[in-house]
Amino acid sequence: MPPPCCGYLSQYTHHHLVTFLLTFFSYVLLHASRKTFSNVKVSISAQWTPLVHNDSAPAFSPEETWEDNRLFKDEKEATMFLGVLDSIFLFSYAAGLYLSGVIGDRLNLRYVLCFGLCGSAAVEFMFGTLTEWLHIYNIYLYCFLWVLNGLLQSTVWPCVVAVMGNWFGKTGRGFVFGLWSACASVGNILGAFLASSVLKYGYEYAFLVTSVVQFAGGVVVFFGLLTSPKEVGLSLESDTGLSPVETDTDSHRPLMSDEEDEVEAEVYSRRYKSVQEPDEPAAECPQAIGFFQAVCLPGVVSYALAYACLKLVNYSFFFWLPFYLSNNYGWKEAEADRLSVWYDVGGIIGGTVQGLISDLMGKRAPVLAFSLAVAMGALVGYSRSPNDQVINAVLMAVTGFFIGGPSNMISSAISADLGRQDALRGSQEALATVTGIVDGTGSIGAAVGQYLVSLIESKLGWMCVFYFFVFMTGGSVLFITPLLFRELRAMWRDRRAVRRQL
C-alpha cells in the first residue's frame with residue numbers, strides 16, 4: 001500500500017511545486033476565458049437583436065433594420081446561434097485534441113502549450129472585443145474564429161497532463177492529480193468573477209480582461225515552465241516520487257492493470273516494433289508512439305468511451321446549470337450564476353478525495369464505479385430539489401462531488417496512468433497522445449450532448465433531461481465494468497497471497 005500523502009509529498013522539490021502551479025494556472029486561465037463566453041451570453045444575445053421591433057423599419061431598409069449590428073430578428077434566433085457556437089467549439093476542440101496529443105509528444109511541450117494559450121487569447125480578443133470596437137458583425141466570421149479557438153485550446157490539456165506526468169510518478173498520483181485537476185473548476189469560478197466584475201461596461205471588456213490575462217499567462221509559461229526533470233538534471237525516478245525499477249518493479253505498473261494486463265501488454269509490444277525492447281538501455285529521447293498504437297493500449301478505449309458519457313453530463317451542467325436554475329425556479333440570473341458555483345466546489349473536493357482513496361487502495365476502477373453508482377441517485381435527488389436555494393446548493397455540491405470527481409480523475413490521473421503503462425516498454429512519449437484520445441472522445445460526447453439536452457428539454461422537459469443524465473452515467477459504469485472486475489480479482493488474489501504468508 002502506498003504511504004500516506006504526507007510521506008510522498010515530502011519527496012518533491014520546489015521544481016515540482018513550480019510545475020504544479022504553472023500547469024494548474026495555465027488551465028485555470030483557459031477555462032476562465034471559456035466560462036466568460038457562457039456568462040455573457042445574455043448580453044451578446046441582446047446586442048445581436050433589435051431593442052424594439054419597429055414595423056416601419058422595412059420601409060427604410062427592406063427586409064432589414066436600420067441597425068447594422070442586429071444580426072437576428074429576436075433573442076430566440078440569437079440564442080440558437082449561440083448554441084451552434086457551443087457545438088462548433090466542442091467539435092473543433094474534440095478534433096484538435098486527437099491531433100494535439102500527437103504533436104505534443106513530438107515537439108517541445110512548452111512551445112505547444114504557449115502557442116495554444118497565446119493563440120487562443122488572441123482569437124478571443126478578436127471575437128469578443130475587436131469585432132465590437134470596430135463594429136464588425138458577421139456570422140461566418142464568428143463561426144471561423146470559434147472553430148479556430150477550439151483548435152487552439154485543444155493544445156493545452158494534453159500538454160499540461162503530459163508535463164505533470166513527467167514530474168509526478170505513480171506514487172501519490174491520484175491525490176496530486178485529483179488536487180491539480182481542480183484547475184477547471186477554479187477556472188470556472190474565476191471566469192464568472194472576472195466577467196461579472198466588468199460586464200457593466202459591456203461584454204467586450206469581459207473578453208478583453210480574460211484574453212489579456214490568458215496571454216500574459218502564456219508568456220510566463222514560455223519563460224518559466226520546465227517540461228521534465230531532466231531539464232534541471234534531476235532523476236525521473238528518485239525525484240518524482242518513483243522508486244527505482246530494481247527495488248520495486250511494481251512502481252511502474254498502472255493502477256488499473258494486473259497480471260492479465262501484463263499478458264496483454266506483451267502482445268502489444270510484440271505487435272508494434274516502434275517501442276523500446278526490454279533489454280535495450282533507456283534512450284535519452286524515446287520516440288513517440290503512433291496514434292493508432294496509443295488507441296490499442298490496454299484500457300484506453302474503455303476509459304475514453306466512459307469519459308464520453310461522463311463528460312456529456314459534466315459539461316451539460318457547465319453550459320446549462322445557470323439557465324436551468326433561472327428557468328425552472330424563476331431565480332434571477334445573478335443568483336443562478338452564484339449558486340451554480342457549488343457544483344464546481346463539489347467537483348474540486350470530489351476529485352481530490354477520490355484520488356486519495358484510489359492511491360490508498362492501489363486501484364482506480366472500484367472508486368470510479370462506486371462514485372458513479374452513487375451519482376445516479378444524486379442526479380435523481382437533485383432533479384427533485386425544492387424551491388430553496390440552500391437545499392439546492394447542498395444537493396448540487398453532492399452531485400458535483402460524485403460527477404465532477406470521477407470526471408477529473410479520468411481526464412488527469414487515469415490518463416497519466418494509461419500513458420505510462422507496461423505496454424510502452426520504457427517509452428515516455430505517449431502521455432499527450434493518450435490524453436488527447438481520452439479527452440477528445442469525451443469532448444465528442446459533450447458536443448453531442450449539448451444538442452440532445454436542448455432537444456429533450458424542449459420536447460419532454462427538464463425531468464427527462466435528468467433521466468437522460470442518469471442513463472449516460474450508467475453508460476460510464478458499463479464501460480469500466482471489465483476493468484473493475486479485473487482489478488477486483490487482482491485485489492482478491494493479493495489478499496489470498498497475504499493470508500497464505502500469514
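Biologist: Let's start with C159: is this residue buried or exposed?
Modeller: Happy to begin there, and please keep in mind that this is a predicted model. Buried means under 20% relative accessible area. C159 falls under that cut-off, so it counts as buried, with a relative accessibility of 0%.

Biologist: How many disulfides does the structure hold?
Modeller: A disulfide needs two cysteine sulfur atoms within 2.5 Å. For the structure, the count of disulfides is zero.

Biologist: Which cysteine has the sulfur nearest to that of C114, and how far away is it?
Modeller: C114 takes part in no disulfide. It counts as buried because its relative accessibility is 11%. The nearest cysteine sulfur lies 3.9 Å away and belongs to C118.

Biologist: Which residues have the most contacts inside the largest nonpolar core?
Modeller: In soluble globular proteins, nonpolar side chains tend to be buried together. Here the largest nonpolar core has 64 residues. Helix α8, residues 156–167, gives the most to this core, with nine residues. The residues with the most contacts inside the core are W48, L85 and W180.

Biologist: And how many residues are in the second core?
Modeller: This second core is separate. Its members include F317, L321, Y324 and V477. The number of residues in the second core is 50.

Biologist: What distance separates the C-alpha atoms of L21 and W180?
Modeller: L21 is found in helix α2, and this residue counts as partly exposed because its relative accessibility is 37%. L21 and W180 are 159 residues apart along the chain. Their C-alpha atoms are separated by 8.6 Å.

Biologist: Let's turn to the rings: how many aromatic pairs does a search of the whole structure find?
Modeller: Rings pair if their centres lie within 6.5 Å. With that cut-off, the search of the whole structure finds 32 aromatic pairs.

Biologist: Why is the pair of Y27 and W157 called tilted?
Modeller: Planes under 30 degrees apart count as stacked and those over 60 as edge-to-face, with the rest as tilted. The ring centres of Y27 and W157 are 4.6 Å apart, and the angle between the planes is 55°, so the pair is tilted.

Biologist: Which helices does this pair link?
Modeller: Y27 is buried because its relative accessibility is 4%, and W157 is buried too, at 3%. The two residues are 130 residues apart in the chain. Y27 sits in helix α2 (residues 14–39) and W157 in helix α8.

Biologist: What about W48 and F81: how far apart are their ring centres?
Modeller: W48 lies in the loop between α3 and α4, whereas F81 lies in helix α5, 33 residues apart. W48 counts as buried at 1% relative accessibility, and F81 counts as buried at 8%. Their pair is tilted, with 55° between the planes and a centre-to-centre distance of 5.7 Å.

Biologist: Which residues do ring pairs link into a cluster?
Modeller: W48 and F81 are both members of the cluster. The cluster also takes in F37, F89, Y93, F127, Y142, W146, Y203 and F207.

Biologist: Over which ring does the charged end of R110 sit?
Modeller: The distance from the charged end of R110 to the ring centre is 5.1 Å. The ring belongs to F222.

Biologist: Where is T435, and which residues does it touch beyond four places in sequence?
Modeller: T435 lies in helix α19, residues 431–460. It counts as buried because its relative accessibility is 0%. The residues T435 touches are W157, P158, V161, S411, S415 and G440.

Biologist: One last one: what is the phi of H135?
Modeller: Most residues other than glycine have a negative phi. H135 is in the loop between α6 and α7, and it is exposed because its relative accessible area is 58%. Although H135 is not a glycine, its phi is positive, at about 55°.

Notes
Residues numbered from 1 in each chain as written. Predicted model: local features only at pLDDT ≥ 70, side-chain atom pairs only at ≥ 80, totals over all residues. Heavy atoms only, no water. Core = buried A, V, L, I, M, F, W, Y, C linked by side-chain atoms within 4.5 Å. Buried < 20%, exposed > 50% of the residue type's maximum accessible area, 1.4 Å probe, protein only. Phe/Tyr/Trp six-rings, centres within 6.5 Å; stacked < 30°, edge-to-face > 60°. Lys NZ or Arg CZ within 6 Å of the ring centre and 35° of its normal. Contact = heavy atoms within 4.5 Å.
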